[in-house]
Amino acid sequence: MKLRTRLMISFCIIIFMPVTMALAGLYTLHKVLPSLDITYNNRSFEYLTNLPDYRQLVVDATISVLLILFFTAAILIIWTYSGIISRVKQLNKAAENIRDGNLDFTIDTKGHDEISELSESFEAMRKRLQMNAQEKVDAEQEQRMLISNIAHDLKTPITAIKGYSEGILDGVADTPEKQERYVKTIYNKANEMNTLINELTLYSNIDTNKIPYNFRKLNVRDYFMDCMEELEMDLDNQHVHLTFYNYVDDQTEIIADPEQLSRVIHNIIGNSIKYMRAEEASLIQMRIKDVGDFIQVEIEDNGRGIANKDLPYIFDRFYRADASRNSAAGGSGIGLSIVKKIIEDHGGKIWATSKENVGTVMYFVLRKYQEVPNE
Ligand SMILES: Nc1ncnc2c1ncn2[C@@H]1O[C@H](COP(=O)(O)OP(=O)(O)OP(=O)(O)O)[C@@H](O)[C@H]1O
Ligand SMILES: [Mg+2]
């Protein structure tokens with residue numbers, strides 16, 4: 001029942017009750033004293049006040065009226081109290097919870113009166129605040145993840161730069177050709193770092209939690225050839241033999257961010273090097289195939305492989321297969337989760353097959369760019 005209705009009923013009852021009582025009193029007097037003239041002229045009033053029972057009658061009538069009024073008012077107050085106060089208390093408790101930052105509760109909104117409407121507004125506000133708080137937590141988590149991704153990818157070029165600089169300083173690069181190769185690799189690695197640091201600056205400058213992709217049309221053959229050339233030098237120095245097979249047409253194009261795609265390749269090849277077998281000469285093959293609307297990139301190594309039980313989880317963040325066996329190789333288990341995110345953000349898919357002590361093949365597909373014919 002609406003509060004307004006409640007109050008109107010209370011109002012009518014409080015007004016009509018004394019009037020009814022007064023009428024009932026007069027009616028009784030009229031019955032008790034049939035000769036009484038109710039016009040209240042002086043003579044009959046004098047007569048009335050001189051009656052011996054008159055005072056007692058007035059006292060009794062007043063007490064009865066007061067008692068009836070008291071009980072009626074009490075019942076009405078309890079009725080109103082039960083309808084409003086308990087729910088106002090609930091709202092007050094809710095407001096205190098919200099003030100203290102506790103949003104994990106629900107407000108009872110049943111009923112159709114004004115308090116229920118207020119409770120509904122409160123509940124809506126609580127849900128909105130809870131959603132905002134969750135969004136904030138998610139955004140912070142996403143930002144932390146992106147920053148740790150960059151920190152992860154920065155480690156590899158730094159280690160390489162350190163290694164090659166030491167190579168030059170220690171005289172390992174003892175021929176001018178070798179020295180030039182080392183310096184070129186250092187230069188490439190510094191470029192990689194530069195890209196990542198730019199990305200990091202972008203995250204802190206603009207309010208974004210997304211990788212700032214710079215999608216471009218890329219010629220598949222040219223792009224992967226350049227990539228191979230850049231990698232070859234580095235892998236050669238580490239005595240890893242890299243071969244490249246391109247099976248797509250020279251005109252085939254994709255829409256991709258060249259720098260992010262390069263992060264993908266570096267991470268996959270980085271793993272192939274990290275998890276190679278000491279007793280085997282390391283071989284890595286990269287194949288680019290045409291599979292209809294997509295190009296398929298395959299990167300195969302002859303390393304230690306991944307057990308079947310681990311294979312479904314290697315793309316999960318922080319998952320490291322057989323951590324004890326791989327502990328010497330170091331790592332935090334986020335490389336492939338970065339790779340997966342980038343490929344999926346490109347609209348592609350990634351998966352792997354592997355055999356223990358034989359090797360691993362990483363596959364990913366990217367949609368080909370197709371010119372939309374003009375009508
Ligand atoms: N080429 C590979 N050969 C053998 N095992 C691999 C290979 N690639 C990935 N793995 C397995 O998958 C797990 C997850 O790889 P991921 O790159 O995500 O993490 P990580 O290399 O352990 O650490 P991080 O990349 O963060 O330094 C690795 O711990 C490893 O066990
Ligand atoms: Mg890795």
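Which residue in S4 is the bridge partner of Phe244? In this predicted model, the bridge partner is Met286. The pair belongs to the contact between strands S2 and S4, which run parallel and are joined by 7 bridges. Strands of a sheet pair through backbone hydrogen bonds, and the pairing can be parallel or antiparallel.

The protein has 375 residues, and 35% of them count as buried. Its secondary structure consists of 9 helices and 7 strands. Contacts across the sequence were also examined. Among those between residues at least 6 apart in sequence, 69% join residues at least 24 apart.

Five strands form an open sheet in the order S2-S4-S5-S7-S6. The pairing in this sheet is mixed. Strand S2 (240-246) and strand S6 (349-355) are the edge strands, and each pairs on one side only. Neighbouring strands are turned by 15° against each other on average, with direction ignored. Helix H6 (residues 220-237) packs on the sheet. Helix H6 touches S2, S4 and strand S5 (294-301). The direction of H6 makes about 170° with that of S2.

Ala352 stands opposite Met362 in S7. In a regular strand, side chains alternate between the two faces of the sheet. S6 has a covered face with Ile350, Ala352 and Ser354. The uncovered face of S6 holds Lys349, Trp351, Thr353 and Lys355.

The hairpin of S6 and S7 has 3 residues between the strands. One residue of this loop stands out by its backbone angle. Asn357 lies in the loop between S6 and S7 and has a positive phi of about 60°, although it is not a glycine. Most residues other than glycine have a negative phi. Asn357 is partly exposed, because its relative accessible area is 47%. His239 also has a positive phi of about 60° without being a glycine. His239 sits in the loop between H6 and S2. With a relative accessibility of 69%, His239 counts as exposed, because the cut-off for exposed is over 50%.

The largest nonpolar core has 42 residues. Within this core, Phe224, Leu261, Ile269, Ile295 and Phe364 touch the most other members. H6 gives the most to the core, with 7 residues. Phe224 touches Phe244, Leu261, Ile265, Met286, Ile288, Ile295 and Val297, not counting residues up to four places away in sequence. A second, separate core has 10 residues, including Ala173, Tyr182, Ile186 and Met193.

Two helix pairs were then compared. Packed helices are described by the angle between their axes and the distance between the axes. H6 and helix H7 (residues 258-274) pack at an angle of about 40°, with axes 11 Å apart. H6 is therefore oblique to H7. Their crossing is right-handed. On the H6 side, the contact involves Tyr223, Phe224, Cys227, Glu230, Leu231 and Leu235. These residues meet Pro258, Leu261, Ser262, Ile265, His266, Ile269 and Ile273 in H7. In an α-helix, residues three or four places apart point the same way, because there are 3.6 residues a turn.

The second pair joins helix H4 (residues 114-169) to helix H9 (residues 335-345). Here the angle is about 115°, and the axes are 10 Å apart. H4 is therefore roughly perpendicular to H9. The crossing of H4 and H9 is left-handed. From H4, Glu142, Met145, Leu146, Asn149, His152 and Asp153 take part. They meet Gly335, Ile338 and Lys341 in H9.

Which residues in H9 are buried? They are Gly335, Leu336, Ser337, Ile338, Val339, Ile342 and Ile343. Gly335 and Ile338 also meet H4. The buried residues of H9 are covered by elements that include H4, H7, S6 and strand S7 (359-367). H9 is followed by Gly347, whose phi is positive, near 80°.

Definitions and conventions: Residues numbered from 1 in each chain as written. Chains lettered and ligands numbered in written order. Predicted model: local features only at pLDDT ≥ 70, side-chain atom pairs only at ≥ 80, totals over all residues. Heavy atoms only, no water. Pairing = 2+ DSSP bridges. Helix = DSSP H or I, 4+ residues; strand = E, 2+ residues; numbered from the N terminus. Axes fitted to C-alpha atoms, helices over the stretch in contact; angles between N-to-C directions. Contact = heavy atoms within 4.5 Å. Core = buried A, V, L, I, M, F, W, Y, C linked by side-chain atoms within 4.5 Å. Buried < 20%, exposed > 50% of the residue type's maximum accessible area, 1.4 Å probe, protein only. Parallel < 35°, antiparallel > 145°, perpendicular 65-115°, else oblique. Left-handed = near helix turned anticlockwise from the far one by under 90°.
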